[in-house]
Amino acid sequence: MNEPARFLWAKSDRGRTDGLHLPLVAHLLDVAACVQAILEREGLELRKLYAEDLGLEPDAVIPWLAALGGLHDLGKAFPAFQLQWKRNGRERGKELLEQGGFEWEESEVQGKAAGHGVVSQILLEELLVVLKIPKKAACQIADALGAHHGFRADGKEKRDARLRKGSGLWEEAQHWLLKQVLDLTQASKYPPPRGAELSGQAFMRLAGLVSFADWIGSNIRWFKFERQTTDLAAFYGEALDCARQALEDIGWPQMEKCTIGFQDLFGFPPRPLQGHTQKLLSNQSQPTLLLIEDQMGSGKTEAALYASLMLQNQVGHRGFYVALPTQATGNAMFERVGKKYLSKLGYTRPPDLQLIHGAALLDKRFEEMRLQIGEEAQHEQSVVAHEWFSHRKHGLLSPHAVGTVDQTLLSILNVGHHFVRLWGLGNRVVILDEVHAYELYTSTLIERLLAWLKAMNSSVILLSATLPEQVRHRLLKAWDSEIPQEDAPYPRITKADKGKAVVVGLETRALKYSIQPAPLEVEGLAKKLVELSQGGGAIGCIVNTVSRAQALYKAVQARLSEQSEKPTLKLFHARFPAHQRKEIEDWVIDHLGKDNKALRRSIVIATQTLEQSIDADFDVLVSDLCPIDLLLQRAGRLHRHNDPKAFERTLRGSHAKPILYVSGLAEDYSSLDLTLYYWHMVYDRATLLRTWAVLRHRLNTGAMLSLPHDLQGEHSLIEKVYGKGKLEGSFGPDFEQDLSAAMEKLEEDRKKERRLAKDSALIRPERFFEHVPDDDRKIDDENPQLNKNFRAVTRLGEPSVTVVLLERREGKLYSLQGVRVSLEEEPTFAHAKELLRTAVVLSNREIFDYLADKPIVSWKESALLRHVRVLELEDKRCVIGQLEVRLDDELGVVYERR
């Protein structure tokens, strides 16, 4: 080895032993080996993309990517970094430098040291040009490699790094390290990258790959300090063995194809929707956008999963990610995907499936599937969840995952290592369910996400039952495709690729819902629910706020107390402690889902938790007035599985015909008060008014809700509500004046939301290098103490805080399970998980302001609890200002004004 360079270190033992360290050259080769091992397991398609990105010959892709990955930490060869290692009063870094004969100026080590990633970028901008790589491309490659600690460097960081990079012997060591990496990876045998410049997606692919490799190559589980570095060629061979073993241990397998027929996979022949989807993709050889619009319960999920399998086989995608609106819908889809899809594909080893959202570790099915690093799957496990991917930033690297849409949106916000998330989604199939369900801010972020996913060679499948036409146009435009002249009415499948779109109309079952008014006041509505339950069957009621759901539950409960034979009464909302909410969610799916064909006598009162993707089937449904698309989503739980093509379910005589009761619809405009139950705080006033007017006209004329007819063309209720055209019917000058003012405010709010979303998201791929990194970095963190201007936001709305409820008895604290809790001791992982099972997310502004600046000191090091707050209860209640917070065993967390 070069004498001076062998004294440079990359990683120390952090004081665990006496002076053990990993030489810098060893770490560079470890990470280079990880890049090579990763690319060996990726398909040919990704290697082609890297060849195009960098202007490389096919055979040069792996050697050159490995070399560039290894050079990511070349910037550790500078004075300030090497002097950082100190232990027990000894300056170990300084001692090594003196042995190697290195010198430095005081100005190079004074003040805050430049980050070694930034120094790597500065060094490589010069050294890559020496290797005959075009200057612009060299700077962009260096930018991608230097960003491996999370962010691109800004101008000030780079200016500071140039003053501290060292000279003389330092430069000799840097050149020597460069040569070793190039020679040992075989990159020096091939022409260097010759592309004139990188695209935005090329930057993301390089930065994501290198960070992934660095995370693996920095783990002493596989890359130990004690290895000999005398023979570097032999060392690199051993590093490759370590890298391949590491990928085995974390559950990142070789790509493999799986061919299976639709009926063999799902147990029933394809319906028209699923058959047309297969035909559209039968000869698909490149990434595509597939937009499936069909009614609730039509089989969109099965169509999307099978389409995903076809695209993986034909296009060469690695795996999929299924994105849902909420944690609850993610939990339901996770079991569905694991049990009814992945487990039947017949892979040679159990595939990895991750559940990705903030409360994933609380899901018992996910916990049962988890494997520790290196642990082998048990014989009966057909699907597993490897522990390594459970880390907050690792999840999207798994070949298969289910989670919330927020995880995908973090890939296009400027948060730390967003490019790793984007790399994880790249060359995958991304399924976005319920794309109509998001506010304009989030919907605009999704549009930007589509542009990046297309650039990253991914296919995207969008699912919706009630998509406004303007949203459909924006989504297709984001994919750089236009609506074809020969469009088809809803229901339909739209396939977009090569800038063109093809639309296929679908046959679907005709559904007719009778609309009936329901009482607005709680007592009257409770009476109606009890009356409906006399006919048997499952009665569903979806209301707009938790407080209204709680009041309605109490009123129904009081009326049922007078009856000898009572239906089962359930309350389902988001303000229950996590373990209790999960129990209720499981009950709803088990008793009201597709697999339960028995007669059910029950009343379920719920909030929007039941609106999206929960496979519940009611015999009759009552809903508060809400935007028309969401109302139709709620109606999708009504006679959801009364379809002879799926299975037949005996219906009670009094509920043989589907009736949708709407609370708030009975009122004339003069008596309609949207503020009475705070509906105007949940939905914008203009949309509620237009929905009310459309439904009142239907009610006045005796017309039924008819699907798919009412979602097509000029008949579309969605367009009547979300458009700007004149409404049918006359409701008086007061209504017109109120609606006009509400529409004006809505337009202002929409402009603000779109502007805010566009400013928050990464610039479009084709303009990526026009943006110069500055101080717009966002933090992907749930810490409620963070200023909202620094936090990455995927949805607008009131701030929320995760709260563990503890009971104080005789001066001591106990969990809801009665276990003694000490806030002075750091909890074990198991204890932290049990505490988190009792947590509840509260979005009340007064509670947030009260708790945000009250972190629990002993929880700061806990990965699960560090951003969780404690609410101490006495007799199951506490007082915050004028608000009393009470935990009720049946109602969940209740707010009461004093």
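At 18% relative accessibility, C242 counts as buried, where buried means under 20% relative accessible area, exposed over 50%, and partly exposed in between (1.4 Å probe, protein chains only). The structure holds 0 disulfides, a disulfide being a pair of cysteine sulfur atoms within 2.5 Å. C242 is in no disulfide, and the nearest cysteine sulfur, that of C34, is 8.7 Å away. C541 is in no disulfide either; there the nearest cysteine sulfur belongs to C626, 11 Å away. C541 is also buried, with a relative accessible area of 1%.

The model is predicted: local features need pLDDT of at least 70 and side-chain atom pairs count only at pLDDT 80 or more, while totals for chains, interfaces and linings use all residues. Residues are numbered from 1 along each chain as its sequence is written, and side-chain values use heavy atoms, with hydrogens and water left out.

Helices (H or I, at least four residues) and strands (E, at least two) are DSSP runs, numbered from the N terminus. Two strands pair if DSSP finds at least two bridges between them. The sheet has 8 strands in the order 5-8-4-9-10-3-11-12, with mixed pairing. Its edges are strand 5 (354-356) and strand 12 (500-505), each of which pairs on one side only. From one strand to the next, the twist averages 15°; for such angles, axes are lines fitted to C-alpha atoms, for helices over the stretch in contact, and angles run from 0 to 180 degrees between N-to-C directions.

D497 has K500 of strand 12 as its bridge partner.

Further in, strand 4 pairs with a strand on either side. It runs parallel to strand 8 (residues 400-404), joined by 5 bridges, and Y321 stands opposite A401 in strand 8. Strand 4 also runs parallel to strand 9, with 4 bridges between them, and here V322 stands opposite I431. Are the residues of strand 4 buried or exposed? Of its 5 residues, 5 are buried. F320, V322 and L324 point one way from the strand, while Y321 and A323 point the other way.

Helix 14 (residues 300-315) touches strand 3 (289-293), strand 4 (320-324), strand 9 (429-432) and strand 10 (459-464), and its direction makes about 175° with that of strand 10. Helix 20 (residues 469-478) lies across strand 3, strand 10, strand 11 and strand 12, running at about 25° to strand 11.

Now to the cores. A nonpolar core is a set of buried Ala, Val, Leu, Ile, Met, Phe, Trp, Tyr and Cys residues joined through side-chain atoms within 4.5 Å. The largest has 146 residues, of which L65, F212 and L432 touch the most other members. Helix 1 (residues 24-41) gives the most to this core, with 13 residues. Apart from it lies another core, of 86 residues, among them M296, Y490, L511 and V556.

Which residues does F212 contact, leaving aside its neighbours within four places in sequence? They are I38, L247, I250, W252, W388, L397 and W423, where contact means heavy atoms within 4.5 Å.

A hairpin of 3 residues connects strand 26 to strand 27. Within this pair, V885 has Y895 of strand 27 as its bridge partner.
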